[in-house]
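Here is a short tour for anyone meeting this structure for the first time. Have a look at the sequence and the model, then read on.

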Amino acid sequence: MGLTFAFSLLPCATSAANKDLVILNSERWIDTLKGTVKNVSAKRAEDVVIVVRFLGETRSHVGPYRRKPTHRQELGRQTVKVTALDPGQEAPFEVEIAEKYRMATSFTFEPHAIWDARGRARSGGR
């Protein structure tokens, strides 16, 4: 299933849209992305899903010696579901990269969750 040799550590980024879930580390192996996500909020994160966007570069040639700048193009997305996270809790995640996305030169993470809406205040019923 997974190979034991790390292929490369590609640049990655975490989406700024959700600052309460943080990707602490990640690495790309030949056919797998592995990492750790942490809940840095004061609320419990339920239904944690990480969307991985795979990006590749396309080049345009302008003659034999001149090249236009490379453009990053999204090759596709995959998702992985992570266990619910209490405040301060971390969890590992692993995504088996589909064959069609293995040519990606970079990737980004977009963590999403449903936040526990229950407040810490108790109801006034005695």
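## A buried ring pair

Phe-54 and Tyr-101 are both buried, where buried means under 20% relative accessible area, exposed means over 50%, and partly exposed is in between (1.4 Å probe, protein chains only). This is a predicted model, in which local features need pLDDT of at least 70 and side-chain atom pairs count only at pLDDT 80 or more, while totals for chains, interfaces and linings use all residues. Residues are numbered from 1 along each chain as its sequence is written, and side-chain values use heavy atoms, with hydrogens and water left out.

The rings of Phe-54 and Tyr-101 make a stacked aromatic pair, 5.4 Å centre to centre with 10° between the planes. For the record, rings of Phe, Tyr and Trp (its six-membered ring) pair if their centres lie within 6.5 Å; planes under 30 degrees apart are stacked, over 60 edge-to-face, and the rest tilted. Phe-54 belongs to strand S4 (residues 45–58) and Tyr-101 to the loop between strands S8 (90–96) and S9 (106–115), so their pairing ties together parts 47 residues apart in sequence.

How many aromatic pairs does a search of the whole structure find? It finds three. One of them is Phe-107 with Phe-109, an edge-to-face pair at 5.4 Å centre to centre and 70° between the planes. Phe-107 is buried at 2% relative accessibility, and Phe-109 is buried at 0%. Ring pairs also bring Phe-93 into a cluster with Phe-107 and Phe-109.

## The nonpolar core

A nonpolar core is a set of buried Ala, Val, Leu, Ile, Met, Phe, Trp, Tyr and Cys residues joined through side-chain atoms within 4.5 Å. The largest one here has 20 residues, and those with the most contacts inside it include Leu-33, Val-37, Phe-54 and Phe-109. Strands S2 (21–28), S3 (32–39), S4, S7 (71–82), S8 and S9 each supply at least two of its residues. S4 gives the most, with five.

A contact means heavy atoms within 4.5 Å.

## The whole chain

Zooming out, the protein has nine strands and zero helices; both are DSSP runs numbered from the N terminus, with helices being H or I of at least four residues and strands E of at least two. Of its 126 residues, 32% count as buried. Among contacts between residues at least 6 apart in sequence, 69% join residues at least 24 apart.
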